[in-house]
Amino acid sequence: MAKKTTSSKPQRRKGTQAARKRKPSFSNRIKIYLLGSAVAILVLTILLGLSGWIGYEMGKEKQARECEKRVTDYRKDIRNLRRRLSHAQTGPAPVHHKPAPAPKPSKPKAEEEKLSEISDYLEAGGEKKAKPPVREKVSTRHPVLAIVIDDVAFASQARAIKALPWHITPSIFPPSGRHPDTPKIASGFSHYMIHLPMEALHYPHPEPKTLTVDSTAAEMEARLRHLRQWFPKARFINNHTGSRFTSDMAAMRRFYPLAKRYGFIFIDSRTTPKTVVPAVCKKFGDPYVARDIFLDNKPDTAYIQEQLKKAVRLAKAHGYAIAIGHPHPSTLKALAASGAILKGVNLVYIDQLYAKIR
């Protein structure tokens, strides 16, 4: 019995000590609680920071939208104010609608004539008052016809003229801001003329530096000097528009001898029935050379071919004729399809025709 009592006591002490070792002490429990609290506070702080940042960004975006709305409202107010002011000064403001797409035209547009002298010629009397130039019949083995295409200003027009199967003389504008490359275009032709702008009676689109009846001799000479520099090989000039200029004797008497001095021969485009160029040529002992027919008073292929027939008849009657057209699609198309009409004449360049007349 004594042995059992003695052996059982030490066993109970060992179990009690092991239990004590497994339970954390009070100080450790405090540390755990403090650490947990710190982690919870840190997490809460992070969440609060994120919430604040998100709220700040949302506030910024809301402010930006409100600011943009205010700017839009201000612009509307300004437009309304301008509209009211315009209404007070000039009546109701026009309502602007988006234009409908224009239909494809079946015929060339009227704007084709914007650069040409046709409107000047027609307003100055045109076919009703114009008479063929007075001249003697020239004996030639075969009647010759020179076709001049005025208003040449762009490389695309030059290519179209070169593509025609006939001898065609382009008359090329002096360079300007709208068409600065005309001297370069002229250098690609062996035969060409200068299309010199002169003052018109009725023409709303004058070219820059158009010669007028009030231009002084010095101004005319400066213009001719520049032409000679730009077009060193050119021999012939014809007038672009010019119904006022070529009907003014004083202006033509100033211009003509200066043109001769710079080596130019003047061909009258006859944009007016009152032209004084025949009298001026006679005074200087030169033959008067002028246009007989305008091919494209109307941008219509059938009309152009009828005009071409007239030019052929004149060439046969007088030995030669000069027809002037413009680089409109309708004109170029009509010329390309006129082989049968042109069979009875020789098509020549203007310098070749002048050599026969001279």
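A salt bridge is a side-chain nitrogen of Lys or Arg within 4 Å of a carboxyl oxygen of Asp or Glu. By this rule the count comes to 4. The model is predicted, so local features need pLDDT of at least 70, side-chain atom pairs count only at pLDDT 80 or more, and totals for chains, interfaces and linings use all residues. Residues are numbered from 1 along each chain as its sequence is written, and side-chain values use heavy atoms, with hydrogens and water left out.

| Pair | Closest N to O distance |
|---|---|
| Arg 244 and Glu 199 | 3.2 Å |
| Glu 306 and Lys 309 | 3.2 Å |

Arg 244 bridges to Glu 199. This pair links distant parts of the chain, 45 residues apart. Arg 244 sits in the loop between strand E4 (236-241) and helix H8 (249-261). Glu 199 sits in the loop between strand E3 (193-198) and helix H7 (217-230). Helices (H or I, at least four residues) and strands (E, at least two) are DSSP runs, numbered from the N terminus.

Lys 260 lies in helix H8, and Asp 286 in the loop between helix H9 (277-283) and strand E6 (293-294), so the pair ties together parts 26 residues apart in sequence.

Glu 306 and Lys 309 are 3 residues apart in helix H10 (residues 301-318), so about one helical turn separates them.

Now exposure. Buried means under 20% relative accessible area, exposed over 50%, and partly exposed in between (1.4 Å probe, protein chains only). Asp 286 is buried at 13%. Arg 244 is partly exposed at 33%. Glu 306 is partly exposed at 42%, and Lys 309 is partly exposed at 34%.
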